[in-house]
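Hi,

Here is the structure I said I'd pass along. Have a look at it, and then read on for what I found.

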Amino acid sequence: MTDDQQQRNQPRPEALPEARPGSHPEAPAAPDGRTPLPLAEDGDRQDLRADCGSCFGLCCVALTFAKSADFPVDKAAGTPCTNLRQDFRCGIHQKLRSTGYSGCTVYDCFGAGQKVSQVTYGGTDWRQDPDSARQMFDVFPVMRQLHELLWYLTEALTLPQTRPIRAELRRALDRTEHLTQGAPAAVAATDVAAHREDVNVLLLRTSDLVRADVRRKKKDRRGADLFGARLRGADLRGVTLRGAYLIAADLRDADLRRADLIGADLRDADLRGADLTGSIFLTQSQVNAAKGDAGTKLPPSLVRPGHWA
């Protein structure tokens with residue numbers, strides 16, 4: 001298998017699927033007397049950002065990873081990473097990239113880890129209650145997908161162009177939040193694929209509204225194979241790059257304002273000097289997977305990765 005083929009066979013980011021003008025309705029009460037985490041205020045997505053100190057190391061246990069450029073060893077789902085300490089902290093957090101665990105620096109749970117740990121299971125971890133471990137590990141990836149949708153919906157609600165569909169977006173956000181507040185068995189049984197399809201209809205409409213006055217006759221690059229493409233300085237304003245393969249693409253100094261980047265694979269894409277302000281549905285994990293510098297302009301909801309320096 002060639003290096004290109006191996007890169008293509010690596011897991012891709014979710015190909016889908018947000019400011020909440022006005023205050024958001026209070027979160028529905030969680031079942032069994034559990035206290036839900038507060039919803040973010042007006043576009044503040046703090047509850048959708050990973051808080052590893054409030055999590056039971058779920059991404060280090062529940063998920064599978066394979067020996068590759070991203071990980072130095074194989075690990076089965078449900079097996080704790082050998083670097084996970086008893087306090088659920090990572091023993092090599094400061095040197096993940098230098099020790100071959102760059103995949104860990106890219107992953108983002110959108111706050112699902114603390115939701116499962118502190119809300120769904122009420123602060124009881126899988127070591128304290130081994131009988132719940134398997135179910136907890138099944139719940140976590142479902143919760144992660146729901147939280148990703150919450151991130152996109154919250155972003156869509158912050159955009160002034162979405163005023164015509166704001167009520168529908170708010171209902172979709174409320175419904176998604178309600179699904180995250182279920183009992184463990186209910187969350188695990190959620191038909192995420194069906195819910196994602198419903199939400200995606202609204203996200204597509206959001207994209208059309210945001211890009212309407214800048215896309216002109218530009219080519220639709222949805223799902224395009226742009227592996228290693230030479231796009232330095234390209235005018236990509238208002239272009240849809242949903243699900244596009246941009247692995248190792250040269251996007252230096254490219255203009256990506258108001259481009260739709262949902263699910264775009266940006267692993268090793270060169271974003272030095274690129275302008276991504278106003279781009280929509282870009283996530284921290286996509287940014288973490290790319291290369292950039294002090295000249296890369298990011299949306300205000302995202303942070304410049306430490307390894308870019």
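To start you off: does cysteine 90 count as buried, partly exposed or exposed, and what is its relative accessibility? Cysteine 90 counts as partly exposed, at 25% relative accessibility (buried is under 20% relative accessible area, exposed is over 50% and partly exposed is in between, with a 1.4 Å probe and protein chains only).

Some housekeeping before the rest. This is a predicted model, where local features need pLDDT of at least 70, side-chain atom pairs count only at pLDDT 80 or more, and totals for chains, interfaces and linings use all residues. Residues are numbered from 1 along each chain as its sequence is written, and side-chain values use heavy atoms, with hydrogens and water left out.

On confidence, pLDDT (the predictor's confidence in each residue, from 0 to 100) averages 87 over the chain, and 85% of the residues score at least 70. Over residues 1-42, though, the pLDDT is below 50. Where pLDDT is low, the predicted coordinates should not be read in detail.

Now the fold. The chain has 8 helices and 0 strands (DSSP runs numbered from the N terminus: H or I of at least four residues for helices, E of at least two for strands). Of its 309 residues, 50% are buried.

Back to the cysteines: there are 0 disulfides in the structure (a disulfide being a pair of cysteine sulfur atoms within 2.5 Å). For cysteine 90, the closest cysteine sulfur is in cysteine 60, and at 6.2 Å that is too far for a bond. Cysteine 52 is 6.2 Å, sulfur to sulfur, from cysteine 59, its closest, which is again too far. Cysteine 52 is exposed, at 56% relative accessible area.

Charged pairs are where I'd look next. The count comes to 18 salt bridges (a side-chain nitrogen of Lys or Arg within 4 Å of a carboxyl oxygen of Asp or Glu). One of them joins arginine 205 and glutamate 168, at 3.0 Å from N to O. Arginine 205 lies in helix 7 (residues 192-211) and glutamate 168 in helix 5 (residues 166-180), so this pair ties together parts 37 residues apart in sequence.

Aspartate 213 and arginine 258 also meet in a salt bridge, at 2.7 Å from N to O. Both lie in the loop between helix 7 and helix 8, so this pair links parts 45 residues apart in sequence. Aspartate 213 is exposed at 54%, while arginine 258 is partly exposed at 25%.

Finally, a network of salt bridges links Asp235, Arg237, Asp255, Arg257 and Asp275.

Cheers

Conventions:
Contact means heavy atoms within 4.5 Å.
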